[in-house]
Amino acid sequence: MTLSINIQKHLQADERHFHLDIRFTANSNRIVLFGPSGAGKSLTLLAVAGLLKPDQGNITLHQRTLFDHDKAICLPPQQRNVAYLFQDYALFPHLTVAQNIAFGLRKNWLNPLRHFANNHPVVLKWLKLFELQVTINSYPHQLSGGQRQRVALARALVSEPDILLLDEPFSALDSSLRERMRNELSQLQLQLNVPMLIITHDPADVKAFGEEVFEVRDGRIS
Ligand SMILES: Nc1ncnc2c1ncn2[C@@H]1O[C@H](COP(=O)(O)OP(=O)(O)OP(=O)(O)O)[C@@H](O)[C@H]1O
């Protein structure tokens, strides 16, 4: 997988200015953006997902242009075929595990009905793969941290994205679970061969996933 990013964006909040100028090309399926808090990692991830529009530059994924300022191309998030796993997993509290996963299949409907979700072969496949079958009818608040993360991952992967974007995927977990989920995700990535771009400030994530590592500092790759 080739991901090529060359983006610039100026942000201002009151007296604070931040200039993002990220340029790199990655050719592996395990890419890590590593750097301290406030370096510009999340902004970069948002730009790839189509949730932040750069002022200049371009983003290409697998020879597909997601953004090109000069050519006036800016694909909306739903046309990018990228999946975004938020730090807090952002599960829908009023939907069951199966419905949350089925949401990732969404085409023209909003809330997948429970009967539909519970019987959809693709949803069942992911429930099995992540050993979540017993939680099929549970709601997010009834799950452990690890289970919540697995549901969020299943929801992200169910649409077969070209790349999975992970924002500090283990930061919400306690240390023993963090280690376990890191190993699980690593195995899963090898098994599915899905390309991943992970942003983190944790050196252990770099060690586990960093086939290609880019260090971000003050809005730039250093
Ligand atoms: N909407 C905005 N307006 C102005 N400045 C912003 C805005 N969003 C983010 N910033 C600033 O841009 C910088 C980079 O933010 P970003 O969220 O990308 O950092 P990060 O590297 O992901 O940090 P963390 O690890 O803490 O999440 C920060 O200084 C932040 O305050």
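**A first walk through the model**

Analyst: Helices (H or I, at least four residues) and strands (E, at least two) are DSSP runs, numbered from the N terminus. This is a predicted model: local features need pLDDT of at least 70, side-chain atom pairs count only at pLDDT 80 or more, and totals for chains, interfaces and linings use all residues. Residues are numbered from 1 along each chain as its sequence is written.

User: Why does Phe 24 count as partly exposed?
Analyst: Because Phe 24 has 15 C-beta neighbours inside 10 Å. A residue is buried with 20 or more other C-beta atoms within 10 Å of its own, exposed with 12 or fewer, and partly exposed in between; C-beta atoms are placed from the backbone.

User: What does Phe 24 touch, leaving out residues up to four places away in sequence?
Analyst: Ile 5, Phe 214 and Ile 221. Contact means C-beta atoms, placed from the backbone, within 7 Å.

User: And how far is Phe 24 from Leu 143 in space?
Analyst: 38 Å, C-alpha to C-alpha. The two are 119 residues apart in sequence.

User: New topic. Which domains is the protein divided into?
Analyst: Domain 1 (1-81 + 165-221) and domain 2 (89-160). The bounds come from an automatic or database domain assignment. Over C-alpha atoms, the domain centres are 24 Å apart. Six residues from domain 1 and four residues from domain 2 make the contact.

User: What sort of residues are on the domain 1 side that touches domain 2?
Analyst: Five nonpolar, no polar and one charged. Ala, Val, Leu, Ile, Met, Phe, Trp, Tyr, Cys and Pro count as nonpolar, Asp, Glu, Lys and Arg as charged, and the others, Gly among them, as polar.

User: What about the largest nonpolar core? Which members touch the most others?
Analyst: Leu 85, Ile 101, Leu 164, Leu 165 and Leu 197, out of 55 residues. Helix α5 (residues 145-157) gives this core the most, six residues. Domain 1 and domain 2 each supply at least three residues. Such a core is a set of buried Ala, Val, Leu, Ile, Met, Phe, Trp, Tyr and Cys residues joined through C-beta atoms within 7 Å. In soluble globular proteins, nonpolar side chains tend to be buried together.

User: Is α5 mostly covered or mostly open?
Analyst: Mostly covered: ten of its 13 residues are buried. Among them are Arg 148, Val 151 and Leu 157.

User: What do the buried residues of α5 pack against?
Analyst: β7 (82-85), α2 (97-103), α4 (121-129), β8 (163-167) and α6 (175-192).

User: Back to Leu 164. What is it in contact with beyond four places in sequence?
Analyst: Ala 83, Leu 85, Ala 156, Leu 157, Val 194, Pro 195 and Met 196.

User: Now the ligand. How many residues surround it?
Analyst: 13, with Leu 11, Ser 37, Lys 41, Ser 42 and Leu 43 the closest. The shell has five nonpolar, seven polar and one charged. β1 (3-13) and α1 (41-49) each supply at least two residues.

User: Which α1 residues are buried?
Analyst: Lys 41, Leu 43, Thr 44, Leu 45, Ala 47 and Val 48. After α1 comes Gly 50, with a positive phi near 90 degrees.

Technical notes: A residue is near a molecule or strand if its C-beta atom, placed from the backbone, lies within 6 Å of it. Two residues are in contact if their C-beta atoms, placed from the backbone, lie within 7 Å.
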